[in-house]
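Here is a short briefing on one protein chain.

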Amino acid sequence: MDIPLTVAAASVPFSWSLRREKIWNNCPRRGFLHYYAARGGHDPDADPRRRKLHRLKQLLDRKEYIHRLLVSELLKPGPSQPLANWPERIFRRFHRERSAMLLGTPSADHGLPLLAELYFRQTPAMKLFDEITNQLRQNLHDLSASAALRLWNCRPPDQRLVETELIAIELAGVTLHMQPGFGTRVAGHAVFRQILSEEPDEEEKALLLLLHKYYAITRLKLPPENLVSELLLPGKSDAIRLDPAVLNLSAAIEKIQRTTEHQRRLLSRQPEVCELDFDINSAHCPECPFRTHCHS
């Protein structure tokens with residue numbers, strides 16, 4: 001490894017998300033590299049080490065990439081019926097991005113997606129893109145059969161909820177970030193849905209419910225009991241409705257506070273913290289985008 005990177009992490013704005021929670025729980029070193037050491041690496045003139053970490057941070061696995069395609073095109077502002085030509089729009093974008101990846105364009109432009117399997121040369125490119133094409137077709141087929149999605153598509157625009165960016169929610173002095181989603185709002189009641197790349201466990205479902213409830217209060221100005229939460233998952237055409245009974249509100253808030261306080265302590269124990277201050281969980285190295293950095 002080169003000289004370890006240091007960061008004045010306490011000066012970086014702190015926020016919480018389910019993704020951040022999972023990354024930090026799996027491996028604190030990865031959490032530091034992803035959210036702090038790679039910061040600023042989007043700039044072509046950044047320190048080469050930080051620049052490379054930013055490229056690694058942006059790598060996507062297959063599920064993440066397919067999910068990104070589906071959601072970004074579904075929630076894109078525009079047509080009166082969002083599902084109009086949805087498959088065609090997704091495949092046009094996929095073909096553009098596939099060409100860019102094969103040409104190596106994302107190495108210079110970090111705003112473009114890049115598949116981890118391609119970057120690490122784990123799978124021959126043509127085989128990789130053939131398999132992604134098949135999986136994308138299957139996911140589109142399943143989602144297109146979703147009654148929840150079709151009904152939303154037919155709603156008048158003024159009854160549709162569409163959140164295209166990360167949703168920020170303030171809770172107990174911490175900014176919580178929630179993934180984009182869509183739904184309906186009629187006569188003081190709402191349904192909010194998110195498309196996920198994999199099914200969450202019970203604890204994650206409870207945290208999602210917490211986010212949805214505070215979204216109802218802070219953004220929709222609705223009583224939380226007037227919001228129904230649903231998830232759309234790969235391989236399933238029927239939406240999964242989240243059961244409010246799984247949410248222990250005080251326990252969920254306490255969990256977020258406990259994990260954020262722990263991370264803040266780690267990040268502020270010195271004016272500058274070093275990547276070596278954060279433990280590696282080697283069980284997660286095989287799928288970690290930073291594995292070549294940590295073990296070089």
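L196 counts as buried, because its relative accessibility is 17% (buried means under 20% relative accessible area, exposed over 50%, partly exposed in between, with a 1.4 Å probe and protein chains only). The model is predicted: local features need pLDDT of at least 70, side-chain atom pairs count only at pLDDT 80 or more, and totals for chains, interfaces and linings use all residues. Residues are numbered from 1 along each chain as its sequence is written, and side-chain values use heavy atoms, with hydrogens and water left out.

- L196 sits in the loop between β7 and α9. Helices (H or I, at least four residues) and strands (E, at least two) are DSSP runs, numbered from the N terminus.
- Leaving aside neighbours within four places in sequence, L196 is in contact (heavy atoms within 4.5 Å) with H67, L208, L231, L232, L233 and P234.
- From C-alpha to C-alpha, L196 and L209 are 14 Å apart in space; in sequence they are 13 residues apart.
- S229 belongs to strand β8. Its relative accessibility is 2%, so S229 counts as buried.
- Neighbours within four places in sequence aside, the contacts of S229 are F192, L209, H212, I240, R241 and L242.
- S229 and K213 are 16 residues apart along the chain, and 8.6 Å separates their C-alpha atoms.

**Five-stranded sheet**

- This open sheet has five strands in the order β3-β6-β7-β8-β9, with mixed pairing. Two strands pair if DSSP finds at least two bridges between them.
- Its edge strands are β3 (160-163) and β9 (240-241), each of which pairs on one side only.
- Helix α9 packs on this sheet and touches β3, β7 and β8. The direction of α9 makes about 135° with that of β8. Axes are lines fitted to C-alpha atoms, for helices over the stretch in contact, and angles run from 0 to 180 degrees between N-to-C directions.

**β7 and its partners**

- Strand β7 (residues 189-195) is mostly covered, with six of its seven residues buried.
- Strand β6 (residues 181-186) runs antiparallel to β7, and five bridges join them. T184 has V191 as its bridge partner in β7.
- Two residues lie between β6 and β7, which form a hairpin. In the turn, A187 has a positive phi of about 50°.
- Strand β8 (residues 227-232) pairs with β7 in the parallel sense, over six bridges. Here I195 stands opposite L232.
- From β7 the chain crosses through helix α9 (residues 202-218) to β8 in a right-handed β-α-β crossover. Right-handed here means that, with the strands pointing away from the viewer, the path from the first strand over the helix to the second runs clockwise.

**Three-stranded sheet**

- A second open sheet has three strands in the order β2-β5-β4, again with mixed pairing.
- β2 (15-17) and β4 (167-171) are at the edges with a single partner strand each, so one side of each has no neighbour in the sheet.
- From one strand to the next, the twist averages 35°.
- β2 pairs with strand β5 (residues 174-178) in the parallel sense over three bridges. S17 is opposite H177 in β5.
- α9 lies across β2, β4 and β5, and runs at about 90° to β4.

**Helices**

- Helix α2 (residues 28-37) is largely enclosed by the rest of the structure, because nine of its 10 residues are buried. They are R29, R30, G31, F32, L33, H34, Y35, Y36 and A37.
- The axes of helix α4 (residues 62-74) and helix α5 (residues 86-103) come within 10 Å and cross at roughly 130°.
- α4 and α5 are therefore oblique to each other. Angles under 35 degrees count as roughly parallel, over 145 as roughly antiparallel, 65 to 115 as roughly perpendicular and the rest as oblique.
- The α4 and α5 crossing is right-handed. A crossing is left-handed if the near helix is turned anticlockwise from the far one by less than a right angle, and right-handed if clockwise.
- α4 makes this contact through Y65, R68, L69, L70, S72, E73 and L74. From α5 come W86, R89, I90, R93, F94, E97 and M101.
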